[in-house]
Structure formats: structure tokens, C-alpha cells
Amino acid sequence: MFGYVTANRAGLSPDQARRYKAYYCGLCRRLRTLHGARGQLALSYDMAFLAVLLSGLYEPESREASVRCLPHPMRRHDTVCNEFTDYAADMALELGYRKLLDNWQDERSPASRLAAAALEKQHLALARQYPRQCAAIHLGLAKLAEGEAENRQDPDAMSSYFGAMLAELFDLRRDEWSAELQEMGMSLGKFIYLMDAYEDLPRDRKKGRYNPLRSMAAGPGFEPACHRMLTALMAQCAAAFERLPILQDADILRNILYSGVWVRYAALQKGRGGAGKG
């Protein structure tokens with residue numbers, strides 16, 4: 001379900017692209033350090049965005065380095081690490097753990113069960129360290145599973161479960177910026193959930209699987225209505241972002257929010273013959 005909140009690389013300057021990659025590589029490095037090689041499997045650009053966002057808002061002391069790693073041993077690359085890359089790594093691990101459990105419950109995948117068991121110790125430690133966030137992830141995914149089992153055709157309600165989960169992850173400190181971070185997390189979470197449903201719709205129809213957009217897609221004007229829904233969510237997210245006093249890496253964050261999140265959608269539209277935005 002993750003992978004939509006990424007930069008539009010064509011819109012980044014070389015310096016911005018290096019900085020963005022440094023956060024991503026820093027997140028990967030911290031996942032390995034904090035959670036072992038298996039933890040790196042939870043790496044995502046979505047959690048890298050969270051690290052850049054919270055770093056830009058709170059401007060912590062960061063550790064910048066040029067390193068080599070196992071996937072790219074021949075070339076050094078920049079990394080940025082701080083308390084928020086660590087937090088993003090922890091949340092990525094917890095989300096990855098829950099995803100493995102879902103795969104086991106939905107598909108009875110032995111590989112997922114074994115992988116989840118291998119992360120059980122880290123999960124229990126994170127549940128003690130971040131009880132609010134881990135409870136929100138558990139509750140959100142449980143509500144989604146319930147809605148899927150009932151074949152609930154209510155895109156707004158279903159996406160709000162995922163949005164509420166992400167809102168708690170964004171709102172780390174419960175401080176004066178909570179309202180904006182909660183609004184960003186809610187809107188972006190709903191966008192991610194609906195984008196995932198939109199991308200999966202043809203496959204879900206073919207295989208007879210649940211999709212919250214199936215009933216809506218059967219009616220007239222689905223494509224323009226879906227585009228308006230997604231656009232409204234990102235407008236809400238961007239409006240909340242603009243109320244935050246962020247200067248550090250603000251251009252990277254704006255690239256992601258105003259352009260990057262639409263890259264996959266544009267590719268899907270092209271692949272489906274440019275179905276209308278309307």
C-alpha cells in the first residue's frame with residue numbers, strides 16, 4: 001500500500017536530489033542498525049517523507065556522512081541521520097510487521113508468518129516505546145480488515161481508517177503543531193489508501209477481490225469523480241503543510257506534495273488510455 005509519497009525526480013535540482021537520497025539512505029542505514037538486515041525490507045519512500053517532514057519542522061542536530069553499503073559497495077553515498085530518521089525507521093518496521101501478519105491472516109503465507117515471527121521482539125519493544133502509535137496501527141488495520149470482510153463500499157470511511165492511523169504517526173510530539181500534522185497524516189493516508197485501491201481496481205475486478213471503489217467504478221463519471229476526490233485530499237494535505245513553519249528542505253517537501261504523489265497516477269492514466277480527469 002505504500003510507495004506513493006515520493007519525489008518527482010525531474011523537478012528536483014541536483015543538490016535537492018542528493019539531499020533527498022541522503023535521507024532515504026539514512027533511513028535504510030538506521031533500519032539496519034536498529035532492526036537488523038530484515039528491518040531494511042520495511043524501507044519506503046513514504047517513511048522517508050516523514051523523516052524529512054519532521055526534520056524540517058523541528059530542525060534537530062543531524063549526522064551527515066558519506067558511506068558505502070552492501071547494496072552499493074563500490075560507491076560512497078551521502079546519508080542524513082537524526083532522531084526523526086530513527087523514528088521513521090521504527091514506524092516503518094512496525095508497519096512492515098503488521099503487513100506480514102495481514103499477509104499470513106489473508107493468504108496463509110508461511111513465509112510471511114516466519115518473517116513476522118522474526119520481527120516479534122522488535123515489535124514488542126516498539127509497542128512499549130510508542131504505545132499510542134502502535135495501538136493506532138493495530139486499530140486502523142483491524143477496522144480495514146473488518147470493512148473488507150463486510151465488502152464495505154464506502155471509500156471515505158474505509159480510507160479514513162488508514163488516514164487516522166497515519167495521523168497518529170505524523171503527530172509524534174503532541175505539541176502546538178499537532179493539528180497540522182494530524183490533518184496532513186489523515187489527508188495523505190486517505191490519499192494513499194484510495195490511490196492503492198485505484199491502482200488495484202482492474203486486478204481486483206478480474207480476480208473478484210475486495211476493492212472499496214468497485215461500486216463507484218460501476219457508475220457513470222467514475223474517472224473524473226475519483227480524480228476530484230484525490231485532488232481534494234492532497235489540497236487539504238498541502239494546506240496543512242503550508243501552515244507549518246518549515247524552511248529546511250521545504251522545496252523537497254513541496255515537490256513531493258504538489259508533484260511527486262501524482263507520478264504513479266499519471267502513469268496509470270497513460271496506461272489506461274488517458275481516462276479523463278474531467
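## Helix 6

The expected span of a helix is 1.5 Å times one less than its number of residues. In this predicted model, helix 6 covers residues 131-149 and has 19 residues. From its first C-alpha to its last, helix 6 reaches 27 Å, close to the expected 27 Å.

The buried residues of helix 6 are Gln-133, Cys-134, Ala-136, Ile-137, Gly-140, Leu-141, Leu-144 and Gly-147. They lie on the same side of helix 6, because the arc they cover around the axis is only 160°. Their packing partners are helix 3, helix 5 (120-129), helix 7 (155-170) and helix 8. After helix 6 comes Asn-151, which has a positive phi near 55°.

## Helix 3

Helix 3, one of the packing partners of helix 6, runs over residues 83-107. Its 25 residues should span 36 Å at 1.5 Å a residue, and its end C-alpha atoms are 36 Å apart, so the two values agree. The N-terminal end of helix 3 is capped by Asn-82, with a side-chain oxygen 2.7 Å from the backbone nitrogen of Phe-84. Just after helix 3, Arg-108 has a positive phi of about 50°.

Asn-103 is found in helix 3. With a relative accessible area of 17%, Asn-103 is buried. Setting aside neighbours within four places in sequence, Asn-103 is in contact with Arg-108, Ser-109 and Ser-112. Between the C-alpha atoms of Asn-103 and Gln-269, which are 166 residues apart along the chain, the separation is 29 Å.

## The nonpolar core

The largest nonpolar core has 80 residues. Phe-49, Leu-53, Phe-170 and Met-184 are those with the most contacts inside this core. Helix 8 (residues 178-207) supplies the largest share, 11 residues.

Not counting residues up to four places away in sequence, Phe-49 touches Val-5, Phe-170, Met-184, Leu-188, Leu-253, Ile-256 and Leu-257. Two of these, Phe-170 and Met-184, are also among the residues with the most contacts in the core.

Thr-6 is found in the segment before helix 1 (14-39). Thr-6 counts as buried because its relative accessible area is 15%, and the cut-off is under 20%. Beyond neighbours within four places in sequence, Thr-6 is in contact with Tyr-20, Tyr-45, Ile-256, Gly-260 and Val-261. The side chains of Thr-6 and Tyr-20 are joined by a polar contact of 3.3 Å. Ile-256 is touched by Phe-49 as well.

His-77 lies in strand 2 (residues 77-81). Its relative accessible area is 12%, so His-77 is buried. Leaving aside neighbours within four places in sequence, the contacts of His-77 are Lys-21, Cys-25, Ala-65, Ser-66, Val-67, Arg-68 and Cys-69.

## Cysteines

A disulfide is a covalent bond between the sulfur atoms of two cysteines. How many disulfides does a search of the whole structure find? The search finds 0.

Cys-226 is in no disulfide either, and the nearest cysteine sulfur, that of Cys-237, is 17 Å away. Cys-226 counts as buried, at 0% relative accessibility.

Key. Residues are numbered from 1 along each chain as its sequence is written. This is a predicted model: local features need pLDDT of at least 70, side-chain atom pairs count only at pLDDT 80 or more; totals for chains, interfaces and linings use all residues. Side-chain values use heavy atoms; hydrogens and water are left out. A nonpolar core is a set of buried Ala, Val, Leu, Ile, Met, Phe, Trp, Tyr and Cys residues joined through side-chain atoms within 4.5 Å. Buried means under 20% relative accessible area, exposed over 50%, partly exposed in between (1.4 Å probe, protein chains only). Helices (H or I, at least four residues) and strands (E, at least two) are DSSP runs, numbered from the N terminus. Contact means heavy atoms within 4.5 Å. A polar contact is a pair of N or O atoms within 3.5 Å; within protein, one must be able to donate a hydrogen and the other to accept it, and residues adjacent in sequence count only if both atoms are side-chain atoms. A disulfide is a pair of cysteine sulfur atoms within 2.5 Å. The arc is that of the directions from the helix axis to the C-beta atoms.
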